[in-house]
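Hi there,

Here is the structure I promised to pass on. Have a look at it first, and my notes on what turned up follow below.

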Amino acid sequence: MAELICRALRDGALDGEHAPALTIKDSIDSPFGPHVFNHVLAQLSANILAAKSQSQGLVLVASSQSPSFYFDLLKSRGNDVASFHKWLRVLDCYTDPLGWKVRLMACGSISSRSPEASNTVRLCTDVRNLDNLSLSIMELGRELVGQGKGRFSVAIDSASEMIRHASISSVAALLSNLRSHDQVSCAFWLLHSDLHDVRVTAALEYMSSMLGSIEPMNRPANVQRGNSENLSLFEQNSNKGKFHVRLKRRNGRVRLMNEEFCIEQSSIKFTAVSSEDGIISQGLVPKVQFNLQLSEKERIERAKVVLPFEHQGTGKPIEIYDGRQSLNESSTESTNSSSAEKVQTNQDPGKGEIIYFRDSDDEMPDSDEDPDDDLDI
Amino acid sequence: MEVWVRRMGVGKNGDSGLLPDDDFGLILGDGESGLLLAGGESRFTGFLPWQCIVYIWSLEGTAMENGGSWNLLDQAIGPLIEDPYASRSGGSVVLIEDCVETSGAFVLHHLIKRSISPLPPHSSPVLLILVSFARSFSHYDRILRKMGCNVVVQRDNKRFIFLDMRKLECPEAMSDGDGGDTFEGGLVDLYGKIQKAVEVSIVNGGSRSVVIMIDDISLLEVAAKGSSNHVLDFLHYCHTLKTDFGCSLAFLNHEDIYSSTERSNLILQMEYLADVVIKAEPLATGLAKDVHGQLTVMNKRNFDRWKKMSYFHFRVRENNVEYFYPGSRT
């Protein structure tokens, strides 16, 4: 499913349509949003570099990690540093988001460290002003693809940070403008859903054609910490989780998919969710060391076993009066069986025989009825 | 000849299996110059003369040669200052959450002691900046003296900077240009002081590693006139010091002063920010004479190297704190 998302972002927007947008949503129970974000970012940049994607460049708005973190990340995925300036621009909202450092440098409190000379990074010192932010994103994008028909992608590493500094309506306006812009191929952003009201999360979800939500494998029923059962749940959730994807088509069709992921040393691995049957049988059968269920072969073999008390038939049809057949049938059958018995007796007179007539299903006596009522005492 | 270094904790004091990967390494050499083998599982193939000395040392504080070893809390937290040979991501962010029944101050004291206690030779000294909104210098001095650590000496050696912020009040109604009022002025100055101290220490070639501690966030919020947004801005700027200078951060906060129905935004944001979250709580099963509370440590760093969840009990004594697994004391 993560593949599907990356493909959708790679394919980009159709003319006259909004650019596809992805919201990656996590919560503190499974705070792996950044891992998924980095995965999507790395995949998209690989596609851009291989010229497989519609977009020719990427503008990254970095507010929760420094630009150098992302350079290291992309470097570790085998991208060439020298080529960054051709396809990547970073709007640095991390280093000095509110202009404190500029203010302190101006009054000489701290030494002015010249930022790394680079045309890839642009510093933003007022993240509260979303109009400027939006303008900067567009300018950086145009630096990459020019004024023509070329398109670029936009990645926002923390929509939560943006919402903290500005109102939801202005953030929504910014994202909406991005999506409807002619030169934007796709956009994706990360959101910590538990930091915001439901309506804020919903507003951003409405604006995205894809939603990837990250959930823990198991939610503890009782939030009380220190419980050893909960502790093992937390341990289980500490590097694994579920990845739910919701895709909205243009015609309104919604597709839901599930996947599981596992965090490894430097990457994230997605695996298809284990089959439903597996989950159910695992759920019902208690976990014991021995096998409680039969395999198909064992089941067939069990059916073949002849129990010692069963009538063997000896090649003839088995005829036992079970007391429930009609009188006529039973009379004919009884004559048949008696003749058969006679034959048997004739054949082997030395053997005794027990003839057992099973009781018919008598009705149980009512509790207030005297069972000896018919006795003439 | 091949030498294997594994996380066996082969120390002179006979420790075994307790030291985490990252915190010990192996030097082969004649005592002066040596060949460094990284911590964890490393292999050295080459000529090894009989006379060579094998050093096994830990990167931080308690060198194994001194007979010291990490307690349960240290093992759960891992190195406070990131292994300088491993990555450039710098230090880590440690968040201590406590509640009114169980104070988490002892964890902070432990981290103070661990940061400024004498280091093994050849390692760069650590500078500790303690921003205190809660207590005076003499309070920390008294407690740490009992724990065997003299902060006055460390202050004179320029390895300990104490910023007394008990009187900090953010000036009212500073205009931020858009007509909105902010109280962030005081916090900007405080941040300026911290960055200045870090710069001076690093530029002068003194300490290469810096640890910044804040005691505690709730009083910082009070100083910021209750604006958790400004507290978060301040913490964000502190976080940039981690990226720029490799500083480590440790914050103490109270979990139960926020609304119980919905977890506070501030607490959640801090948990997102933190690499290690330590929760100090009263004993879940009730009161006990020998157990003063329980600690849960969640370590989000280095997925393969550190235990992600640790849970143990503690008992605060006069001079130290005992940490032990539940049920291991009768």
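Predicted model: local features only at pLDDT ≥ 70, side-chain atom pairs only at ≥ 80, totals over all residues.

A word on naming before the notes: helices (H or I, at least four residues) and strands (E, at least two) are DSSP runs, numbered from the N terminus.

Chain B has another backbone feature to look at. The peptide bond joining Asp215(B) and Asp216(B) is cis, with omega at about -5 degrees. Asp216(B) belongs to the loop between strand E11 (209-215) and helix H6 (217-223) of chain B.

Now to the helix pairs, beginning with chain B. Helix H7 (residues 228-245) and helix H8 (residues 265-273) of chain B pack at an angle of about 10 degrees, and their axes are 10 Å apart. Angles under 35 degrees count as roughly parallel, so H7(B) and H8(B) are roughly parallel to each other. On the H7(B) side the contact involves Ser228(B), Val231(B), Leu232(B), Leu235(B) and His239(B), which meet Leu266(B), Gln269(B), Met270(B) and Leu273(B) in H8(B). By class, the residues of this contact are six nonpolar, three polar and no charged.

In chain A, helix H6 (residues 130-145) packs against helix H8 (residues 168-180) at an angle of about 20 degrees, with the axes 10 Å apart. That angle makes H6(A) roughly parallel to H8(A), and H6(A) passes H8(A) in a right-handed crossing. H6(A) contributes Leu130(A), Ser134(A), Ile137(A) and Met138(A) to the contact, while H8(A) contributes Ser170(A), Val171(A), Leu174(A) and Leu178(A). Here the count is six nonpolar, two polar and no charged residues.

What angle do helix H2 (residues 33-49) of chain A and H3(A) make with each other? They pack at about 60 degrees, with their axes 10 Å apart, and that makes H2(A) oblique to H3(A). The crossing of H2(A) and H3(A) is right-handed. Phe37(A), Asn38(A), Leu41(A), Ala42(A) and Ser45(A) of H2(A) meet Phe69(A), Tyr70(A), Leu73(A) and Leu74(A) of H3(A). This contact has seven nonpolar, two polar and no charged residues.

H3(A) also holds a charged pair. Lys75(A) forms a salt bridge with Asp72(A), and the closest N and O atoms are 3.7 Å apart. Because Lys75(A) and Asp72(A) are three residues apart in helix H3 (residues 67-76) of chain A, about one helical turn separates them. Over all chains, a search of the whole structure finds 23 salt bridges.

Finally, the interface. How many residues of chain A are in contact with chain B? There are 44 of them, in contact with 39 residues of chain B. Between them the two chains bury about 3900 Å², of which 55% is on carbon and sulfur atoms. Two salt bridges are found across the interface of chain A and chain B. Asp244(B) and Lys101(A) meet through their side chains in a salt bridge, at 3.4 Å from N to O.

Happy browsing, and do write back with any questions!

Best wishes

Terms used: Residues numbered from 1 in each chain as written. Chains lettered and ligands numbered in written order. Heavy atoms only, no water. Axes fitted to C-alpha atoms, helices over the stretch in contact; angles between N-to-C directions. Parallel < 35°, antiparallel > 145°, perpendicular 65-115°, else oblique. Left-handed = near helix turned anticlockwise from the far one by under 90°. Contact = heavy atoms within 4.5 Å. Nonpolar A, V, L, I, M, F, W, Y, C, P; charged D, E, K, R; others polar. Buried area = accessible area lost by both parts, 1.4 Å probe. Salt bridge = Lys/Arg side-chain N within 4 Å of Asp/Glu carboxyl O.
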